Amino acid sequence: MSWTSVPAPGGSAVPEQPLTSRTFPKELLEGAVAALADPFMLLALPAPDRGPGQEAPQVLYANAAAEGLVGAVHGSPVHTAVRRVLATGTAERLRWVRASGDDATVLDVRVTRVDAATASVVCREAAEVIPGLLVDAYRIADGAWGTLSSVLDAAPDAFLVLEVGALDESGPQPQRAVLRHYNRAAGSLVGVHEHDVGRPVHETLDATWARRLTDALARAGSAPVRYRSRAWDDDGLWSAAYDVTVVVADPVVGRVVVVLHDATDDERSHRRLEDERFLAERRASYDDLTGLLNRRTLHDHLRRTLAATGPGRRVAVLFADLDGFKAVNDGYGHAAGDRLLAAVADRLGRAARVGDVAGRYGGDEFVVVMPDVPADWSPEATLARLARTLSEPVWVEGAVLTPSATLGAYLADPCARPGDRDPLGVIAAADRVMYRLKAARADGAGLPGDARRA
């Protein structure tokens with residue numbers, strides 16, 4: 001016989017007097033125990049103060065069922081497994097496999113120490129116990145599943161349980177996915193129904209959701225996977241977002257749980273914050289009216305450009321000031337003046353080379369930074385081109401205006417002249433050239449070669 005032990009709760013209280021020292025009417029004891037359908041044995045235990053050579057527990061009494069099932073009679077020894085349990089002094093259940101020829105009987109055995117000198121043993125064939133245990137287990141599991149289903153149905157997130165076949169080294173096979181369970185949120189979101197359970201996913205879902213779930217299953221691995229999936233409309237704009245969690249619940253049968261959390265509001269908030277951040281950065285770096293770099297950003301750009309200029313190369317800074325701009329504001333209004341400024345800014349941006357940067361320095365003043373020009377570069381051709389571009393008519397408030405500006409140029413050499421490493425000093429130098437030219441025009445001295453009037 002082979003034994004395995006399973007802990008059982010509790011034990012009986014020890015009477016004041018050993019059971020074997022009391023007097024019981026034999027016919028009463030035999031009648032009560034013999035009436036039991038289960039095998040029952042009463043064991044006599046050796047005195048606790050006996051040494052190593054003490055007697056082993058013996059059968060004090062066995063009913064007919066015990067004698068027939070395990071061959072227990074008065075005075076017969078007790079199996080070592082039972083003795084081991086008795087030595088611990090606690091009640092315990094054993095699973096006893098009793099082999100007889102080709103047959104084997106599994107017994108559910110309960111051993112209980114009654115007092116210091118007596119213990120009881122009750123046996124029952126496990127076949128009689130297991131069906132009841134299975135029924136109880138099913139009721140517990142069914143109740144637990146009902147509770148879990150209610151909880152899942154109340155959850156705002158969509159849950160789908162899919163089976164994709166046993167997972168091997170090649171990973172899950174989404175094309176084999178079969179729907180096994182879903183909650184109410186999944187039914188509303190994905191569009192599945194009770195009759196879809198047990199059917200392949202690609203046969204039950206529309207193409208969009210089938211593709212999304214296929215993508216989710218393709219990501220399944222030994223650890224949970226989380227990512228964000230976005231839905232796009234026909235115009236290529238996002239319309240919804242979902243946080244997807246993929247968990248392999250049972251790799252043997254390939255059972256995978258997919259959780260879909262509607263993250264549309266979160267995505268919308270995130271994108272709104274990104275747009276606000278972008279606009280804030282743009283407002284901090286660009287002029288609202290013209291879209292050109294503002295003064296602060298222009299200084300930063302010029303500082304980096306001067307620092308990156310090596311020997312033999314120069315940085316050209318062009319300074320433009322509109323002529324008669326105040327008369328435009330006074331005669332046509334500030335809205336017309338703004339339209340004129342925007343038109344000039346647009347033309348400066350279009351006329352600049354690739355790599356050149358234009359900025360609005362303030363009011364009606366503009367600056368163009370031209371990096372990496374050769375040491376022998378002359379500004380005449382560039383200034384003439386800008387003059388032609390700026391002189392094109394502008395239609396403003398029903399009138400045609402011809403912009404006029406004075407342009408000055410300064411060629412900075414930051415390697416040879418330390419003062420040219422300061423962006424404020426370089427711009428001021430170009431500004432001085434421009435004002436000398438404007439003053440010369442006012443005195444009728446004409447325009448020098450490094451300035452043009454448009």
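Biologist: Which residues does Thr204 touch, not counting residues up to four places away in sequence?

Modeller: This is a predicted model. In it, Thr204 touches Asp196 and Arg199. Thr204 has its place in helix H6, residues 201-204.

Biologist: Why is Thr204 called buried?

Modeller: Buried means under 20% relative accessible area. Thr204 has a relative accessible area of 14%, so Thr204 is buried.

Biologist: What makes Asp243 and Arg228 a salt bridge?

Modeller: The criterion is a side-chain nitrogen of Lys or Arg within 4 Å of a carboxyl oxygen of Asp or Glu. The side chains of Asp243 and Arg228 meet at 2.7 Å, N to O, and therefore the pair counts as a salt bridge. Asp243 lies in strand S10 and Arg228 in strand S9, so the pair ties together parts that are 15 residues apart in sequence.

Biologist: Which parts of the chain does the pair of Arg313 and Asp372 link?

Modeller: Arg313 forms a salt bridge with Asp372, with the closest N and O atoms 2.7 Å apart. This pair links distant parts of the chain, Arg313 being in strand S12 and Asp372 in strand S14, 59 residues apart.

Biologist: Where do Asp346 and Arg350 lie?

Modeller: Both lie in helix H11, four residues apart, about one turn of the helix.

Biologist: Why does Arg350 count as exposed?

Modeller: Exposed means over 50% relative accessible area. Arg350 is at 55%, so Arg350 counts as exposed. Asp346, with a relative accessible area of 43%, is partly exposed.

Biologist: Which residues touch the most other members of the largest nonpolar core?

Modeller: Of its 30 residues, these are Leu318, Leu322, Leu348, Phe366 and Met370. Helix H11 gives the most to this core, with eight residues. Leu348 touches Phe366, Val368, Leu386 and Leu390, not counting residues up to four places away in sequence.

Biologist: Which residues make the nonpolar surface patch of about 290 Å²?

Modeller: Trp145, Leu148 and Val151 make this patch. Leu148 is found in helix H4. Patch members need over 30% relative accessible area; Leu148 is at 40%, and therefore passes that limit.

Notes:
Residues numbered from 1 in each chain as written. Predicted model: local features only at pLDDT ≥ 70, side-chain atom pairs only at ≥ 80, totals over all residues. Heavy atoms only, no water. Patch = residues over 30% accessible without salt bridge, like charges linked within 9 Å, V, L, I, M, F, W, Y side chains within 5 Å. Areas by Shrake-Rupley, 256 points an atom, 1.4 Å probe, with all protein chains shown as cover. Helix = DSSP H or I, 4+ residues; strand = E, 2+ residues; numbered from the N terminus. Buried < 20%, exposed > 50% of the residue type's maximum accessible area, 1.4 Å probe, protein only. Contact = heavy atoms within 4.5 Å. Core = buried A, V, L, I, M, F, W, Y, C linked by side-chain atoms within 4.5 Å.
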